[in-house]
Amino acid sequence: MTTAAAPTRAQVPDVAGQITFAMRSMGVAPIPRNYELFYEAYIGSNPALTRDLAALGSQATQEELDALGAQYFTHSPARVFDDAHGRIAAELETLLRVLRQEQISLESYNKLLGETYKRISSKNHTSVELIENALSLLTQATGDTMAHGERTVENVVQRSQEMDQVRKELDEYKRIANTDSLTRLSNRRAFDDRLAAVYNNPAMRPVTALVLADIDNFKKINDTYGHPVGDKILATVASVIRANVRRDVFVARTGGEEFALIIEGNTADEVMGMAERIRRTLETTPFTNSRTRINYGPVTVSVGVCMASYAEDAGELYHRADVALYGAKNSGRNCSVLFEDGMQKDFTKSWLIYKG
């Protein structure tokens, strides 16, 4: 187990602060679709988007940003939810129209019952013919009302099925939106939500940990062998991490080459044992092209760990795990560091770049 300390120069800003600063620096309007664009670029899950956004420079127009959004976000949240909203609104409008028609039908039937009752309740005007006519009229009206009611039920069922389909599509979109397409792990959005939930149960804090693992010298790998090779390495690293932890451990790809694990129910020593198992497994995993026999390895990771009891909230927990991760990088990489009181940070993350 390795620890490292360094004097403080600057505290790492939170993600939202970094993005807001970058948008302000480029003169970009602080609107939701622009924030989504910069968020995806910042976390590095789509290197092509990151490069294209950086290529726009500091004078990007809104038209250029929107074109970039249309290129990379074919299933953007705004579009998906607008479509779902429109479909649900249309189904509700149809449902209300059906129910209004049913109400009119029942009111007419009720009126007919009342008028018929008045006629046959008068002993002075009652006759066999009147009763027969009333029964015939009621039979016809009852049949019509029942048929209309059946059609109403069918319409209601159909509308309900349509809205249920929209719900299923939204659930599927949410699953896709929370999944990193390259590694099939959870993505930064899902991670942010899960990390925030860590502090919902104070009793679990002493046995809950955040683990950050960052591939060492990944930029060099990309520069030397190209992004397709880098993508394969990312996918392999993700598989190794997933295979070396329990199924209930939350695993996400949170940035270009950074992975995060939220582990519950374990002591610090146990978590460090898991971190070391992942690190050692990756260190000995072959990264060789089966066709060309080129060896891309060894591929190693630096790991930072912080127990939730060492932080007051999710933001501080992430920051302190990041401090430990920097300690691992600063100690020569390919090691695991547990955050301890007194550890500080000596660097500021730059956005739109890979860490080494």
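Predicted model: local features only at pLDDT ≥ 70, side-chain atom pairs only at ≥ 80, totals over all residues.
Two strands count as paired here if DSSP finds at least two bridges between them.

**View 1. Strand β1 sits between β3 and β4.**
Seven bridges link β1 (residues 208-215) with β3 (residues 258-264), and the two strands run antiparallel. Look for V211 to find your way in: its opposite number in β3 is L261. Over on β4 (residues 301-307), β1 again pairs in the antiparallel sense, with seven bridges. Here A213 stands opposite V303. Strands of a sheet pair through backbone hydrogen bonds, either parallel or antiparallel.

**View 2. Both faces of β1 are covered.**
In a regular strand the side chains alternate between the two faces of the sheet. In β1, T208, L210, L212 and D214 point one way, while A209, V211, A213 and I215 point the other way. Whichever set you pick, its residues are buried. That makes eight buried residues out of eight for this strand.

**View 3. A closer look at A213 in strand β1.**
With a relative accessible area of 4%, A213 falls under the 20% cut-off and so counts as buried. Leaving aside residues up to four places away in sequence, A213 touches E257, E258, F259, S302 and V303. F259 is 46 residues away from A213 along the chain, yet their C-alpha atoms are separated by 5.1 Å.

**View 4. The whole five-stranded sheet, in the order β2-β3-β1-β4-β5.**
This is an open sheet with mixed pairing. At the edges you'll find β2 (250-253) and β5 (336-338), each pairing on one side only. Neighbouring strands are turned by 15° against each other on average, direction ignored.

**View 5. Helices α8 and α9 pack against each other.**
The axes of α8 (residues 218-225) and α9 (residues 227-243) are 7 Å apart, at an angle of about 135°. That angle makes α8 oblique to α9. On the α8 side of the contact are F218, I221, N222 and Y225. They meet H227, V229, G230, I233 and L234 from α9.

**View 6. Helix α4 has a buried side and exposed residues on the other.**
Within α4 (residues 62-72), the buried residues shown are L65, L68, G69 and Y72. They cover an arc of only 100° around the axis, so they share the same side of α4. An α-helix has 3.6 residues a turn, so residues three or four places apart point the same way.

How many disulfides does the model have? The count is zero, the criterion being a pair of cysteine sulfur atoms within 2.5 Å.

Terms used. Residues numbered from 1 in each chain as written. Heavy atoms only, no water. Buried < 20%, exposed > 50% of the residue type's maximum accessible area, 1.4 Å probe, protein only. Helix = DSSP H or I, 4+ residues; strand = E, 2+ residues; numbered from the N terminus. Arc of directions from axis to C-beta. Axes fitted to C-alpha atoms, helices over the stretch in contact; angles between N-to-C directions. Parallel < 35°, antiparallel > 145°, perpendicular 65-115°, else oblique. Contact = heavy atoms within 4.5 Å.
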